[in-house]
Each structure stands twice: as structure tokens, then as C-alpha cells.
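Let's walk through this model together, starting with the sheet and finishing with a pair of packed helices. Have a look at the fold before reading on.

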Amino acid sequence: MQPTCAFVFEAARRLVIKCSQKQIPVAVMMITISKENYLKAIAEAEAEGNTVISALLARWLSVTPPAVTVALKRLSRDGLVTVNKSGRIQLTSVGRKVAERTILRHHLIERMLSEIFGMGWVEVHDEAERLEHAVSPAFEKKLVKMLGHRETCPHGNGLAVMNPEQRRKKGQLLLIEAEAGSTYRVRSVYERDRKLLEFLEERGIRPGTRLKVESHNYDGNAILKVERKRITLGSPVAERIWVATEHERNLH
Ligand SMILES: [Zn+2]
């Protein structure tokens, strides 16, 4: 008899419980990977200032709403998240620890790919999404030793995930809010959207780029001067880029 998906899932779920203190077979590792992805996405979505609900997670992780429902049941059962009556998802302290560990490994892999292998900043996020789950504690230690400490990843995002309020306290603002006539430096970019990163790279915009906001149009477009080029950015892009005025840089 061919096993059904439910059967496979059930079998794997039982194995997770049975094998928690012993070795972890491949089928179970797949579940662990997805668990880490969910927990990391919840932590990052919170940090973006979102109230995390299942529809948002489905969008962030490109999975179906029923898949999120199944995953949330598992995560709550394992004491990693709580879901309240209005559907708001929050990490428990154990869930947050797993998320932070995964974020650290993601950060290290991105830096390794960029600093050691010379891979472009546009590519490293997707690659790190796959590799972060394979990092052992011993390899993590080696990476920390080899790369040294750096607060930000190639996209400018901090190791300690900051929410919009914390970013503002550090003198950052969204490009969409930047003042016409002023000069800024790009601090960080939303990194979960490969197409956005490619779009920015084509226009010479990346963390560290100096740009001048010339005007904000009535239609929401921002007109910028980057190097000597004039660039128009629509609001869906300008609201995903954090900048700081030049004199605020020393705050970091
Ligand atoms: Zn990054």
C-alpha cells in the first residue's frame, strides 16, 4: 500500500517525539527545517512591525493557509508559539530562542558567502535560507571565529532584529518618509524579496549607497539622485528601504 501524505506526516511526527534525544532521521529533519523557518518568519514579521496572523505567514513563506494551520498546531503543541482568540501568533521564550539561533546562522552563512566566496548581495539570502539549517554548533563556532563580529548582514539587517520603533530611535527612517532636498545613506533593505533586490541592484541602490531625495510626487513616487543618475522609485519599493541622514551614521 502506498503511504498517503497524512500517513507520512503522522509517521514523521511520531519519530520526532521518539527520537528527540537520539539521532534525527532525514524525514524528521525536514520537519525541523520548516519549524525553524516558521519561527524565524514570525520573529522577523514581528520586527517589521506586523501583527502576525496566519495569512501573513502564508504570504511570507509562500505556503498555503491550510499548511500554516497544520504547522501552527504543531508549533503550539511543542510549546514554541501561542495563538490567541483573535488569531495573533506569538513566540514563546523557547520559540524565540530557536528563531534567534536560526537568524544568527542565516546571518553567518550570508556573510560567509559574501565575504569568503564573493557571492553577490542579491543572491546570498536565498542560499542562506537553504544552508542555515545544516549548520552544526561546531561549524557555527568556526564561522564566528573566521568572520569576526559584525552587526549587519550584506542587506544591512542587524543580528538583533529591530522593530520600526527601535530603528527610528537609531536615527533611521523609511525612504518613503525622507525629506525632499536631503541626502541619506541606505542602511538596510527588506531581504526576503529577490525581485526587489534585483530591482535595486539594477539601479545602483544597496546598503551604503548615498542618495539625494529630490522630490516626492503626488502619485507616491520618490525622485532620487543616485551617483549622477536620476531614479524614480514607487512607494512599494521606497517603503522597504531604511535610510539615515549622513550625520546619524555614527549612532551605529
Ligand atoms: Zn541578510
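Helices (H or I, at least four residues) and strands (E, at least two) are DSSP runs here, numbered from the N terminus. Two strands pair if DSSP finds at least two bridges between them. What you see is a predicted model, where local features need pLDDT of at least 70, side-chain atom pairs count only at pLDDT 80 or more, and totals for chains, interfaces and linings use all residues. Residues are numbered from 1 along each chain as its sequence is written.

By that count, the chain has ten helices and eight strands. Of its 252 residues, 29% are buried, meaning that 20 or more other C-beta atoms, placed from the backbone, lie within 10 Å of the residue's own. Two residues are in contact if their C-beta atoms, placed from the backbone, lie within 7 Å. Among the contacts with a separation of 6 or more, 56% join residues 24 or more positions apart.

Six strands make an open sheet with antiparallel pairing, in the order 3-8-4-5-6-7. Strand 3 (172-174) and strand 7 (229-233) are the edges, each pairing on one side only. From one strand to the next, the twist averages 45 degrees.

Strand 5 (residues 210-216) pairs antiparallel with strand 6 through five bridges, and K212 sits opposite K225 of strand 6. The hairpin of these two strands has five residues between them, and there G220 adopts a positive phi near 95 degrees. Strand 6 (residues 222-226) is then joined to strand 7 by five bridges, again antiparallel. I223 has T232 of strand 7 as its bridge partner, while V226 has K229. This hairpin has two residues between the strands, and E227 takes a positive phi near 55 degrees.

On to the helices. Two packed helices are described by the angle between their axes and the distance between the axes. Helix 5 (residues 93-116) packs with helix 6 (residues 124-131) at about 130 degrees, the axes being 9 Å apart. That makes helix 5 oblique to helix 6, since angles under 35 degrees count as roughly parallel, over 145 as roughly antiparallel, 65 to 115 as roughly perpendicular and the rest as oblique. Helix 5 contributes H106, I109, E110, L113 and S114 to the contact, and helix 6 contributes V124, H125, E127, A128 and L131.

How values were computed
Axes fitted to C-alpha atoms, helices over the stretch in contact; angles between N-to-C directions. Buried ≥ 20, exposed ≤ 12 C-beta atoms within 10 Å, placed from the backbone.
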